[in-house]
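Here are a few exercises to work through with the structure open beside you. Try each task before reading its solution.

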Amino acid sequence: MITKDRMQSNSKISLLGIPFDAYSSHLKGAAKAPDAIWEMIKCESANQWTELGTDLKNHPGINQLGNLSWENDSEAFDKIEEKISSVLAADSKPLVFGGDHSITYPIFKAINQRHPKITILHFDAHPDLYDELDGNPLSHACPFARIMENDLAEHLVQVGIRTLNEHQREQAEKFNVEIHEMKDWQGPHQLTLEGPVYVSIDIDALDPAFAPGVSHHEPGGLSVRQIIDVLHSINVPIIGADIVELNPNRDINGMTAMVATKLYKELCGKMLER
Ligand code: MN
Ligand code: MN
């Protein structure tokens, strides 16, 4: 049922593309993801209604900021932090299209200034808790180690994880990470989220059968439906979100770009609720 309340929410969301993949460890290509998602949002194969009853098309609460740009990759993190800070200062909630997962660290430097006690709900095949990878502490395999060691979030809840090694288990213990490993996943009732939350969706959390357009195929993952069910179950405010690691170079007929766009729609609909 569509309620008036949902249709007339005053919340403001800023959609921002961050075409950055310089810190991907294995394959480049995630920098092409924002354009692939913008294109799918415009594509007439689907309407812009969420399953919960909000029409996102020309919605007054949504600002499309387009893609962030920079001269040299070494400047990108400062630009990201600056941009997210300006979005938050305007009382808007960032919903970011990556890029590789490394961008969540500079996003959180900004988030923490405004929201010092945030729970992160993180969907991923990988815990991304490496202290460093290939000598790079800013690698897309490391953002949540940087966020937690700098106290930029109160609590980290991970769903879909299926690649833990000894080092990352130690890191998870050190940072008190709540990991819901894929092998034990039974559904959203296993989560007790203390709000407000930030949602970070790495597209490789999904099984490659649903989302082949990612740099790291890790079989045995979540279905699109399982992630949507978790998003729909969130009953605390969502103050920001990112959807990362879509790699259009590996996609088939744009199907993973459409999966990312579907997740954007359901996430954005939830963010508009409050
Ligand atoms: Mn990741
Ligand atoms: Mn991943």
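## Exercise 1: the helix and the sheet

Helix 8 (residues 255-273) lies across strand 1 (13-18), strand 2, strand 3, strand 7 (197-202) and strand 8, and its direction makes an angle of about 175 degrees with strand 8. Keep in mind that this is a predicted model.

**Task.** Find the order of the strands in the sheet, and say which strands stand at the edges.

**Solution.** Start with the order: the eight strands of this open sheet run 2-1-3-8-7-4-5-6, with parallel pairing. Next, look at the ends: strand 2 (62-67) and strand 6 (178-181) each have a single partner strand, so one side of each has no neighbour in the sheet. From one strand to the next, the twist averages 15 degrees. Finally, look at one pair inside that order: strand 3 (residues 93-98) and strand 8 (residues 238-244) are joined in the parallel sense by three bridges, and Val96 has Asp242 of strand 8 as its bridge partner.

## Exercise 2: the cores

**Task.** Work out which element gives the largest share of the largest nonpolar core.

**Solution.** The core has 49 residues, and those touching the most other members are Leu95, Leu121, Phe123, Val199, Ile243, Leu263 and Tyr264. Its largest share, nine residues, is supplied by helix 8. Now zoom in on Leu121: its contacts beyond four places in sequence include Val157, Leu191, Tyr198, Val199 and Ile234.

## Exercise 3: a threonine in the helix

**Task.** Is Thr261 buried or exposed?

**Solution.** First locate Thr261, which is part of helix 8. Its relative accessibility is 1%, and the cut-off for buried is under 20%, so Thr261 counts as buried. For its surroundings, leave out residues up to four places away in sequence: Thr261 then touches Ile37, Met40 and Ile41. A polar atom of the Thr261 side chain also lies 2.7 Å from the backbone oxygen of Ala257.

## Exercise 4: the metal site

**Task.** Which residue bridges the manganese ion (ligand 2) and the manganese ion (ligand 1)?

**Solution.** The bridging residue is Asp124, and the two ions lie 3.3 Å apart. Asp124 sits in the loop between strand 4 (119-123) and helix 5 (143-149), while Asp202 belongs to strand 7, 78 residues apart. Both Asp124 and Asp202 are buried.

How values were computed
Residues numbered from 1 in each chain as written. Chains lettered and ligands numbered in written order. Predicted model: local features only at pLDDT ≥ 70, side-chain atom pairs only at ≥ 80, totals over all residues. Heavy atoms only, no water. Pairing = 2+ DSSP bridges. Helix = DSSP H or I, 4+ residues; strand = E, 2+ residues; numbered from the N terminus. Axes fitted to C-alpha atoms, helices over the stretch in contact; angles between N-to-C directions. Contact = heavy atoms within 4.5 Å. Core = buried A, V, L, I, M, F, W, Y, C linked by side-chain atoms within 4.5 Å. Buried < 20%, exposed > 50% of the residue type's maximum accessible area, 1.4 Å probe, protein only. Polar contact = N/O pair within 3.5 Å; in protein donor to acceptor, adjacent residues only side chain to side chain. Donors = N, O, S within 2.8 Å, 3.2 Å for Na, K, Ca; no water.
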